[in-house]
Amino acid sequence: MLDDNRPLTDWLPITKKEVEMRGWEEVDVILVSGDCYVDHPAFGTAVIGRIMESEGLRVAIIPQPNWQDDLRDFKKFGRPRLFFGVTSGCMDSMVNHYTASKRRRSTDAYTAGGHAGFRPDYATVVYTQKLKELYPDVPVLIGGIEASLRRVTHYDYWKDELFPNILTLSGADLLVYGMGEQPLREIIRLVQRGVPFDRLTTIPQTAFLQDREAEPPKNKNWETLELSSHEKCLKDKKAFAANFKHIEQESNKVQARRLTQKVKDNLLVINPPYPPMIEDEIDASFDLPYTRLPHPKYKKRGTPPAYEMIRFSVNMHRGCFGGCSFCTISAHQGKFIASRSEESIMKEVDVVTKMPDFKGYISDLGGPSANMYKMKGKVQEICDRCVAPSCIHPVICSNLDTSHKPMTELYKKVDAHPEVKKAFVGSGIRYDLLVDDYNKKNDGSLDEYLEQVVTCHISGRLKVAPEHTSDATLRMMRKPSFKHFHAFKEKYERINKKHGLNQPLIPYFISSHPGSTAEEMANLAAETKDMGFRLEQVQDFTPTPMTVATVAYYTGLHPYTLRPVYTARSPKEKKQQHMFFFWHKRENYQQIKDKLIGMDREDLIEKLLEDKKRHAKRETIKGRVKARRKGHKGRKKR
């Protein structure tokens, strides 16, 4: 439900009429997005638009333009004074559109009413190409997660081939990768001074194309590392895999090198990232005057499902130092945590409590990982020299401050707010940070934090992500040994029992991840069954650009060691791994039994299936009794 009392000018304009309502004769920047327009800090287009507005620019948005007609949506505001900005939205458009088995999704969480079909595949490329057809001389700046993760030669799972960088594919003039506030402000400052786009070559956290044989622009503070060319990667999977180690390490370094890669007649130049945002900078981004509501245009179509999930949530920080092999968070947001101030967070809590339909419940106090707020290196100089992609694998770094006290105190302050009945922690919690045997830097705050979460911030159950039970696969995932999940489960259940609570623990697992075999999946099924779980939060591994696991999937090699890694690639192999999650389903009984016999693991048949066999027999008997009763009633009526 939207607020009918707010004037339309509280939102950034998305129609010609709204531009005229503001008295504008022209627009400085036009943003084109694959998402519908929700003016909320969790939606990237709103953040970018509000930052531009705060810099004094007149900004209009074209959300989800029709790319299949006469392109009237792309033309409705005419030519912008400065440039177009293009994003696919909050998700890579291919992940948004397709399941792990490449089936087309029937819904879109970032579209009003959840309806599918409002954005193209490879949206950033399609939108940019349309704009270049219509306005060839107007610069196009691309950003967002799709552009960020496709900024260099990358494997595309949906076409099953290597793609060149997205600048080459789209024809865009400049790319901003990662969280774009810092480079964007510098770009605006320079173009406002009249600097042309083709001279914006030394801004950190941007990428561009130049002549293949020309030297990259001089910068005395940057070293340059040349990657294997796109053409070499096409011929040599090992070269592609070796590239990734450098890309990941330089993306997560404080003092990173500039990367270059030859592609066709061009040289791709990727400038090093900005340092992590300091508190004042991230506060400034979240404190902008968002309405926190979808644009009124969507009233009849319904609100987007993604908005319903986060409308009463508060994001406390950005970044994740977990470095999981299958996850893109650190590739886009970085491994260093940028935390908001308590003042900024509490200010947003105040705003949330005044929203229409707020009933006293905050749906999430969290971030990419819920319990990393305020965590950083104790000695910054050590972090400055670090090249590790994860701060907590294979062990927790001795320089990392893992105190949970700031979060516990903040949770209590939110709980004390007079308008808040309950604030949930809906983001994923890194359970390994709360296990004493794994987190040896325990300052005494771990149990206090978990007790606070268990007693005050769970909506009936807690979801965590061990992801697998095999230590070999978990090492490939950059996740801790499964023994630590056992220890966490014991601690979690002990706290529940202490307070007379019965809140189930819901674990997430992945099948077909590189390194995972069918036998390991059978062991996973048996071990989790023995722990009392009937798994529901499960998924098949989906290769997405810019992850270790995706490189291993495509090349068959670990990018750090260049040693072979087994990966289930065929639909049959993937289906066989996935079915072990559902050992309790009658239709899987014979297939699982045959697979276990084929693997010479008859010992697991009794563990996994015998109870199921007895259950199936009982269900059959119940069905026959029910049918007889139904037939008897029918005869009585006649």
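Arg 292 is buried, at a relative accessible area of 3%; buried denotes under 20% relative accessible area, exposed over 50%, and partly exposed the range in between (1.4 Å probe, protein chains only). This is a predicted model, in which local features need pLDDT of at least 70 and side-chain atom pairs count only at pLDDT 80 or more, while totals for chains, interfaces and linings use all residues. Residues are numbered from 1 along each chain as its sequence is written, and side-chain values use heavy atoms, with hydrogens and water left out.

Arg 292 sits in the loop between helix H11 (279-286) and strand E13 (293-294). Helices (H or I, at least four residues) and strands (E, at least two) are DSSP runs, numbered from the N terminus. The phi angle of Arg 292 is near 65 degrees, a positive value in a residue other than glycine. Lys 102, also not a glycine, has a positive phi of about 70 degrees. Lys 102 belongs to the loop between helix H4 (93-97) and helix H5 (123-134) and is partly exposed, at 36% relative accessibility.

A further backbone feature is the cis peptide bond between His 393 and Pro 394, with omega at about 5 degrees. Pro 394 is located in the loop that runs between helix H15 (380-385) and helix H16 (405-415).

Arg 150 is placed in the loop between helix H6 (145-149) and strand E6 (154-156). Its relative accessible area is 2%, so Arg 150 counts as buried.

With residues up to four places away in sequence left aside, Arg 150 touches Asp 92, Met 94, Tyr 122, Asp 156, Trp 158, Phe 163, Asn 165, Ile 166 and Pro 545. Contact here means heavy atoms within 4.5 Å.

## Helix H21

Helix H21 (residues 548-555) is mostly covered, 8 of its 8 residues being buried. These are Val 548, Ala 549, Thr 550, Val 551, Ala 552, Tyr 553, Tyr 554 and Thr 555.

The buried residues of H21 pack against E6, strand E7 (161-163), helix H10 (237-251) and helix H18 (471-477). Just after H21, Gly 556 adopts a positive phi of about 75 degrees.

## Salt bridges

A salt bridge is counted where a side-chain nitrogen of Lys or Arg lies within 4 Å of a carboxyl oxygen of Asp or Glu. By this rule the model contains 41 salt bridges. One of them joins the side chains of Asp 39 and Arg 50, at 2.6 Å from N to O. This pair links distant parts of the chain, with Asp 39 in strand E2 (residues 38-39) and Arg 50 in helix H2 (residues 44-54), 11 residues apart. Asp 39 is buried at 0% relative accessibility, and Arg 50 is buried with a relative accessible area of 3%.

Glu 213 and Arg 212 form another salt bridge, their closest N and O atoms being 3.8 Å apart. Glu 213 is exposed, with a relative accessible area of 60%, whereas Arg 212 is partly exposed at 25%. In the salt bridge between Glu 250 and Arg 257, the N to O distance is 3.1 Å. Glu 250 is buried at 3% relative accessibility, while Arg 257 is partly exposed at 26%. Elsewhere, salt bridges that share partners join Glu 26, Asp 28, Arg 58 and Arg 81 into one network.
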